[in-house]
Amino acid sequence: MELSKLTVVTGHYGSGKTNFSVNAALGIAAKGGKCTVIDLDIVNPYFRTADFGDMFRSKGIELFAPVYANTNLDIPSLNIPLESILADGGYVVIDVGGDDEGAKALGRYAPLISGFADKQMLYVINKFRYLTKEPADAAQVMLEIEQSSGLRHTGLVNNSSLGAETTADTVRSSLGFAEEVSKLTGLPIAATCAVEGAMPAEAPSPCTVKRYVHNLWE
Amino acid sequence: MAEKSLMKGNEALAEAALRAGCKCFFGYPITPQTEIAAYLSKRMPKVGGVFLQAESEVAAINMVYGCAGSGIRCMTSSSSPGISLKSEGISYIAGADLPCVIIDVMRGGPGLGGIQPSQADYYQITKGVGHGDYHIIVLAPSTVQEMADCVTRAFDLADKYRMPAVVLADGLLGQMMEPVAFDDAEIVMSDASNKPWAANGHGNKRKHNIINSLYLQAPELEQTIRDRYQRYAEIEKTETKAVADYCDDADIVVVAYGSTARLAKSAVDEARKQGIKAGAFRPVTLYPFPVNEINAAVKNAKKVLVVEMSMGQMVDDVKLAINCSKPVEFFGRTGGVIPAPAEILAKIKEMGGND
């Protein structure tokens with residue numbers, strides 16, 4: 001998919017924002033673009049974008065994360081110079097924590113982000129998450145994130161998956177759900193994400209991704 | 001079974017509790033189990049249950065004590081330091097013969113330790129947690145689906161034997177996401193209808209029930225404890241559970257529980273690929289410890305390797321269970337560091353696995 005200079009990735013809790021953000025950043029880097037990833041997740045203690053620091057470094061992607069991310073300190077201290085990062089002219093991907101709670105951290109940067117022209121804010125959804133399996137519930141969380149962050153979304157990312165058990169049928173069974181959320185929110189489907197081999201032919205805006213977030217025994 | 005969902009281990013624990021009819025949850029946030037409380041704060045009001053964030057872990061466990069006394073299914077959850085705070089209450093609940101479920105999603109210790117995964121509370125949990133002569137049931141899931149299944153089983157066993165049951169997980173299991181399915185049955189909140197001992201109002205129709213752990217005469221307390229130990233003997237005979245993979249012809253049997261069992265299983269699978277006769281044994285019940293099952297699993301083995309995310313605690317129970325009939329070695333990482341399958345495989349080889 002075509003990315004703006006600034007991509008803000010939000011989503012309901014556990015929708016797969018991090019995997020999408022990692023894919024987006026690697027996609028930019030593969031095309032030779034300068035890319036900065038900002039891990040703004042103040043909700044998850046582990047399994048987060050900051051886990052991919054080494055991989056990012058090897059691809060020339062810069063990573064900013066909360067000061068104590070992946071340490072034993074559970075303090076959401078943010079020290080991210082977003083203004084200078086944006087002024088730098090490269091691509092920026094911001095991975096926001098889940099739900100309205102996670103989006104609170106984004107609110108701090110809302111004035112700066114509002115004033116930036118070339119941007120998109122994507123709401124990631126996954127039909128297989130228990131509390132947001134109804135389109136109305138997924139749409140409600142989107143509104144809560146907008147209220148909490150003071151920013152408006154521009155598109156949806158259908159990232160419906162069952163982790164390692166995802167097949168084309170899994171993704172196919174989510175297409176109606178995504179359409180319904182799109183109707184309820186008025187947001188276009190910017191991407192349908194699936195791993196290679198699991199993308200149904202009829203998926204709108206197909207975006208083949210790799211699964212980077214996985215367990216140690218897989 | 002219904003359609004699968006993708007859930008965090010902590011969320012699966014919480015949803016499973018609701019589905020087991022857990023009407024009341026009393027908790028206090030602590031990483032890495034806070035999702036349990038966050039999830040139930042959203043779900044409980046929708047299904048007619050009670051979510052209450054207590055002022056402390058001590059308060060939460062004593063709310064469980066009171067609620068359990070009224071015969072209603074209830075639960076609390078915490079992580080290592082929080083469980084230490086709950087230890088007095090757990091002893092009182094056991095001393096009053098009340099059923100309840102306690103979730104422990106272990107993190108690094110001692111003290112405040114850290115928020116990364118750990119299994120260093122095996123001694124604490126399997127030896128009862130608090131003071132006194134008693135046991136609590138301890139179940140150790142190793143997948144997100146099993147997190148859900150263990151909660152259901154914990155509530156059933158707690159009610160059956162009138163004692164606390166613990167689901168012992170670690171931060172890795174609590175935070176990871178996997179597909180999970182729940183059956184389609186409607187959620188029915190528990191009541192005290194099958195609990196004639198409950199102190200829930202006698203309405204002048206029966207003698208009042210007393211919930212208490214104080215006994216004025218020593219012989220009376222001794223008899224109460226002896227009666228309880230008869231129940232424990234029954235539990236040790238009938239409620240053990242374990243999973244054994246490729247143990248029949250294994251030279252080295254690797255014993256591990258919880259998330260570590262999956263890392264160990266990965267190492268064993270790789271060992272088999274390399275022609276090494278390794279087997280994997282996973283206790284699902286930690287109390288009662290699966291004594292017969294482990295003896296059967298190591299019958300033909302030359303050596304036993306215990307792997308834990310600690311400096312070695314379950315390893316003692318393994319030695320006792322097999323009466324030191326085989327050499328038992330240990331490999332572990334601690335302090336929040338997760339053992340890698342490659343490290344476990346290296347240890348298997350070091351023990352002569354490729355002789």
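Residues are numbered from 1 along each chain as its sequence is written, and chains are lettered from A in the order in which they are written. In this predicted model local features need pLDDT of at least 70, side-chain atom pairs count only at pLDDT 80 or more, and totals for chains, interfaces and linings use all residues, while side-chain values use heavy atoms, with hydrogens and water left out.

Biologist: How many residues does the contact take from chain A and from chain B?

Modeller: Contact here means heavy atoms within 4.5 Å. By that rule, the contact takes 34 residues from chain B and 24 residues from chain A.

Biologist: Which three residues supply 32% of the area that chain A buries against chain B?

Modeller: Buried area is the accessible area (1.4 Å probe) that two parts lose on being put together, summed over both. Chain A and chain B bury about 2600 Å² between them, with 57% of it on carbon and sulfur atoms. On the chain A side, the 32% share, more than any other three residues supply, comes from A:Tyr46, A:Tyr130 and A:Trp217.

Biologist: What is the count of salt bridges between chain A and chain B?

Modeller: A salt bridge is a side-chain nitrogen of Lys or Arg within 4 Å of a carboxyl oxygen of Asp or Glu. A:Lys127 forms one with B:Glu3, the closest N and O atoms being 3.2 Å apart. Over all chains the count comes to 32 salt bridges. Between chain A and chain B, the count is four.

Biologist: How many residues apart are B:Arg282 and B:Glu146?

Modeller: B:Arg282 and B:Glu146 form a salt bridge, with closest N and O atoms 2.8 Å apart. Helices (H or I, at least four residues) and strands (E, at least two) are DSSP runs, numbered from the N terminus. B:Arg282 is in strand S11 (residues 278-283) and B:Glu146 in helix H6 of chain B, so the pair links distant parts of the chain, 136 residues apart.

Biologist: Which helix gives the most to the lining of the largest cavity?

Modeller: On a 1 Å grid over the protein atoms alone, a cavity is a set of points where a 1.4 Å probe fits but cannot get out, and lining residues have an atom within 4 Å of a point. Grid points are joined across faces, edges and corners, and a volume is the space filled by probe spheres set on the points. The largest cavity has a volume of about 30 Å³, and its lining includes B:Phe155, B:Ala158 and B:Asp159. The most, three residues, comes from helix H6 (residues 144-161) of chain B.

Biologist: Where does B:Pro32, joined to B:Thr31 by a cis peptide bond, lie?

Modeller: Most peptide bonds are trans. The bond joining B:Thr31 and B:Pro32 is cis, with omega about 10 degrees. B:Pro32 is found in the loop between strand S2 (24-27) and helix H2 (34-43) of chain B.

Notes
1 Å grid on protein atoms, 1.4 Å probe; cavity = no way out; pocket = protein on both sides within 12 Å on 5 of 7 lines; lining within 4 Å.
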